[in-house]
Amino acid sequence: MRKIPNFVLLRAFESAARLGSFAAAAADLSLTPSAISHQVKELEEVFGKPLFHRLHRRVSLTEEGARLAGGLTRVMNALEAICSEVNLAPTSQVLSLYCSPSFAAKWLSPRLGGFAQCHPEIAIRLTSASEPLDLISAREVDVAISYGTAVQRTGIQVTPLGKEHIVPLCSPALLSTKRTARQLISELSLIESQLSRITWRDWFAMNGLTTTPKVTQSFDRAALAISAAVDGLGITLESTIFAEKELARGELVELGKNEFPRVARETHFLSVRSGEQDIQKIQKFRNWLTKAIKSNAKTS
């Protein structure tokens with residue numbers, strides 16, 4: 001027999017831990033705050049130690065509570081995913097996909113409609129986070145697309161998705177007929193994309209610029225850096241695949257396109273578990289993704 005506390009108590013605790021209050025957990029589970037409080041207290045009695053610090057109108061996790069909450073949330077997410085698959089039509093297949101945020105938002109999501117048209121029998125369940133995912137631990141995920149690097153270990157097959165061009169991008173409103181691109185990039189504010197494979201300092205050195213980069217803003221997402229550039233707040237150094245819509249609409253231009261050599265780097269990586277690459281739904285997604293990226297590369 002499994003030595004697991006009552007599921008009702010665990011569910012109440014996980015909700016309170018995730019939402020940060022008993023009141024929010026009560027609304028989440030259609031219970032009263034008093035009921036949540038009693039269930040959490042009962043769970044604490046089972047473990048013989050406090051799981052929350054009770055503060056005014058809110059709660060915070062103890063060290064033991066935080067350890068329990070992290071594991072429980074992963075279990076609940078996996079349980080929710082399994083239940084979702086059961087609810088789908090018998091002929092449907094679910095492909096669980098984990099993807100880096102900017103790639104998901106700026107490139108992949110706008111194209112998933114095309115995948116659905118080609119493969120209507122496969123439903124995509126997409127989750128997004130910036131950290132590379134270990135597919136050996138996260139068995140509920142079929143395919144991972146990571147940015148910058150990927151988890152390299154026995155049992156995981158990693159494939160680079162091709163080189164991307166990383167270039168200086170800015171609003172056309174910042175261009176000046178009186179200044180060259182080299183002058184502008186030395187004088188204007190620079191936007192840092194914290195996870196970019198190329199830093200401004202690297203780029204300045206590659207192009208023989210001896211001035212110190214004037215980085216005035218820093219973002220942890222490429223999508224945010226691109227948005228700031230569209231708003232005219234400065235020049236960002238980013239992959240053209242993230243900015244394809246903005247470039248096509250004329251909201252951004254590549255600064256010094258005929259003056260500065262383009263930097264190409266392998267930036268995104270596709271990971272699957274070894275031995276699962278020939279599973280039909282994974283194979284179909286992989287083939288579609290590879291074809292879509294090659295097509296995109298020809299037009300960028």
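Colleague: What makes α2 and α3 a contact pair, and which residues meet?

Modeller: Contact means heavy atoms within 4.5 Å. In this predicted model, F22, A23, A25, A26 and L29 of α2 meet P33, I36, S37 and V40 of α3. Helices here are DSSP runs of H or I with at least four residues, strands are runs of E with at least two, and both are numbered from the N terminus.

Colleague: How do the residues of that contact divide into nonpolar, polar and charged?

Modeller: Eight are nonpolar, one is polar and none is charged. The classes are Ala, Val, Leu, Ile, Met, Phe, Trp, Tyr, Cys and Pro as nonpolar, Asp, Glu, Lys and Arg as charged, and the others, Gly among them, as polar.

Colleague: Why is α2 called roughly perpendicular to α3?

Modeller: The axes of α2 (residues 22–29) and α3 (residues 33–47) cross at roughly 105 degrees and come within 8 Å. Axes are lines fitted to C-alpha atoms, for helices over the stretch in contact, and angles run from 0 to 180 degrees between N-to-C directions. Roughly perpendicular covers 65 to 115 degrees; under 35 is roughly parallel, over 145 roughly antiparallel, the rest oblique. So α2 is roughly perpendicular to α3.

Colleague: How do you know that β3 pairs with β4?

Modeller: Pairing needs at least two DSSP bridges between two strands. Seven bridges join β3 (residues 93–99) to β4, and the two run parallel. One of the partner pairs is Q93 with I122 in β4.

Colleague: What makes β4 and β6 edge strands?

Modeller: The open sheet has the order β4-β3-β5-β13-β6, with mixed pairing. β4 (122–128) and β6 (156–160) each have a single partner strand, so one side of each lacks a neighbour in the sheet.

Colleague: Why is K281 with D142 called a salt bridge?

Modeller: A salt bridge is a side-chain nitrogen of Lys or Arg within 4 Å of a carboxyl oxygen of Asp or Glu. The closest N and O atoms of K281 and D142 are 3.4 Å apart, so the pair qualifies. K281 lies in α11 (residues 280–299) and D142 in the loop between β4 and β5, so parts 139 residues apart in sequence are tied together.

Colleague: Which residues and atoms count?

Modeller: Local features need pLDDT of at least 70, side-chain atom pairs 80 or more, while totals for chains, interfaces and linings use all residues. Side-chain values use heavy atoms, without hydrogens or water, and numbering runs from 1 along each chain as its sequence is written.
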